[in-house]
Amino acid sequence: MSDGKAPQKKLLKALAGEKTDGPPIWLMRQAGRYLPEYRKVRADAGSFLDLCYAPALAEEVTLQPIRRYGFDAAILFSDILVVPDALGQKVAFKEGEGPVLEPVTDAAGIAALKSPAGVKAELAPVYETVSRLRASLPPEVTLIGFAGAPWTVATYMVGGRGSPDQAAAKLLAYREPETFQSLIEILVEATVEHLSAQVEAGAEVLQIFDTWAGSLPEPSFERFALKPVKAIRAKLKARFPHIPVIAFPRGAGGMAERYFRETGVEGLSLDTGVSPAWAKAHLQPLGCVQGNLDPLLLVAGGDEMRAQARHILETFGQAPFIFNLGHGIVPQTPPDHVGELVKLVKDWRS
Ligand code: 1CP
């Protein structure tokens, strides 16, 4: 796209605001435990972070769902928590427990973090994975790089693990807003460095995951979810004007429209709870929307999955749209259901 020509790849076309001949499809967490070939590589790799930092293995697991299903996009295999790892916070992934971090709970903990300028050097193996993928992917497949949004990454950094209510991060944000803001600012800078390095290595689209955006009340949402992503989008635009960004402000609800308008992202990834008819009227006129089949419909399969997938296609399929789930694939998903969904979407025409 840097030569000024119109994009040829389906996903890039949709993000450039063009209607495509059938929507492109990829699925959040398309690489992972539901695939037997992933479980095999994962078992041989050692820890989950070892897998993220082994370019040949991370490349292999990124390619697995492309080979099996022919998705229109591949998403780099990595995790949002490599950024706190690069900032010097201890991060581990415990079997059956998810991520565990040494919590950063106060100004002293924030001051002890390494400089965000060092992220590019710390995460060199991740960028090597990106450049390998750019060389090995089929030419019609778009390569997506990603990072967590500052708020979501901060919830893990402050809480030390995933939590249903993000209470630790919210309490720090409410009791000591300036201290919390300083963490958000470090994360804005670190995220810009991390995403820039992915673009320099060959990523063609960037997705920013704000998984826990929906837990914030409006004034805090504005300050800690909307503004940081707007700042990241602006800084990336200055460096790479042609690279589109998709944001996933999960649970943003009534804030989604303002978020889409004000952050300036090209794509908005919709969670399962967003009404397709409402999103068609209020969000799709602002840019490309992505989503939003319930991942549990993919587990159940059958008529209900097919009917709800068609409803989404029929609602969004006349304008720029990327078919995806409303959140990531879950480990109990039968791989055959994914194949059936991909076929249904690829065969569909408006
Ligand atoms: O042992 C394993 O195999 C670990 C499972 C796993 C996987 C496959 C984790 C641990 N991360 C990943 C990969 C991953 N994480 C990708 C890869 C690309 C793909 O989509 O195929 C991506 C994009 C992520 C992003 C991510 N990690 C998010 C944001 C998106 C989302 O799903 O909400 C979040 C919140 C994380 C944190 C994280 N990492 C891993 C787990 C189990 C979690 C969630 C913890 C929690 O529930 O709070």
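How many bridges join β8 to β9, and do the strands run parallel or antiparallel? Five bridges join the two strands, and they run parallel. The points below concern a predicted model.

1. Strands β8 and β9. Strand β8 covers residues 288–293, and strand β9 covers residues 321–325. One of the pairings between the two strands is that of V289 with F321 in β9. Five of the five residues of β9 are buried. In a regular strand, side chains alternate between the two faces of the sheet. For β9, one side carries F321, F323 and L325, the other carries I322 and N324, and all of these residues are buried, which leaves both faces covered.

2. Residue N292. N292 belongs to strand β8. The peptide bond that leads from G291 into N292 is cis, with omega near -25°. Is N292 buried or exposed? N292 has a relative accessible area of 4%, under the 20% limit, and is therefore buried. The side chain of N292 has a polar atom 3.0 Å from the backbone oxygen of D271. The side chain of N292 also reaches the backbone oxygen of V274, again at 3.0 Å.

3. Strands β5 and β6. Strand β5 (residues 205–210) pairs with β6 in the parallel sense, over five bridges. In this pairing L206 has V245 of β6 as its bridge partner. Strand β6 spans residues 245–249, and five of its five residues are buried. V245, A247 and P249 lie on one side of β6, with I246 and F248 on the other, and both faces are covered.

4. The cavity. The structure holds one cavity of 30 Å³ or more. The largest cavity contains about 50 Å³ of space. Its lining includes P249, L268, S269 and L283; P249 is one of the buried residues of β6. D271 and V274 also line the cavity, and the backbone oxygens of D271 and V274 are those reached by the side chain of N292.

5. The largest pocket has a volume of about 1,200 Å³. Of the 37 residues that line this pocket, R29, F48, D79, F93 and I329 are the closest to its centre. Helices α2 (36–45) and α9 and strands β2 (91–94) and β3 (98–101) are the elements that each give two or more residues to the lining. The lining residues divide into 19 nonpolar, ten polar and eight charged.

6. Residue R29. R29 lies in the loop between α1 (10–15) and α2. R29 is not a glycine, yet its phi is positive, near 60°. With a relative accessible area of 58%, over the 50% limit, R29 counts as exposed. R29 is also among the residues closest to the centre of the largest pocket.

7. Why is helix α9 said to be largely enclosed by the rest of the structure? Nine of the ten residues of α9 (residues 150–159) are buried, so the helix is largely enclosed. Among the buried residues are W151, Y156 and M157. G160 follows the helix and has a positive phi, near 80°. Q166 sits in the loop between α9 and α10 (167–175). Phi of Q166, a residue other than glycine, is positive as well, near 55°. Q166 counts as buried, at 3% relative accessibility.

8. Residue S196. S196 is part of helix α11 (residues 177–201). S196 is buried, with a relative accessible area of 0%. The side chain of S196 reaches the backbone oxygen of V192 at 2.7 Å. Not counting residues up to four places away in sequence, S196 touches K120, L236, R239 and F240.

9. Residue P139. P139 is found in the loop between α8 (124–136) and β4 (142–148). P139 is exposed, with a relative accessible area of 67%. P139 and K9 are 130 residues apart in sequence, while their C-alpha atoms are 8.3 Å apart in space.

Notes
Residues are numbered from 1 along each chain as its sequence is written. This is a predicted model: local features need pLDDT of at least 70, side-chain atom pairs count only at pLDDT 80 or more; totals for chains, interfaces and linings use all residues. Side-chain values use heavy atoms; hydrogens and water are left out. Helices (H or I, at least four residues) and strands (E, at least two) are DSSP runs, numbered from the N terminus. Buried means under 20% relative accessible area, exposed over 50%, partly exposed in between (1.4 Å probe, protein chains only). A polar contact is a pair of N or O atoms within 3.5 Å; within protein, one must be able to donate a hydrogen and the other to accept it, and residues adjacent in sequence count only if both atoms are side-chain atoms. On a 1 Å grid over the protein atoms alone, a cavity is a set of points where a 1.4 Å probe fits but cannot get out, and a pocket is an open set with protein on both sides within 12 Å along at least five of seven lines; lining residues have an atom within 4 Å of a point. Grid points are joined across faces, edges and corners, and a volume is the space filled by probe spheres set on the points. Ala, Val, Leu, Ile, Met, Phe, Trp, Tyr, Cys and Pro count as nonpolar, Asp, Glu, Lys and Arg as charged, and the others, Gly among them, as polar. Two strands pair if DSSP finds at least two bridges between them. Contact means heavy atoms within 4.5 Å.
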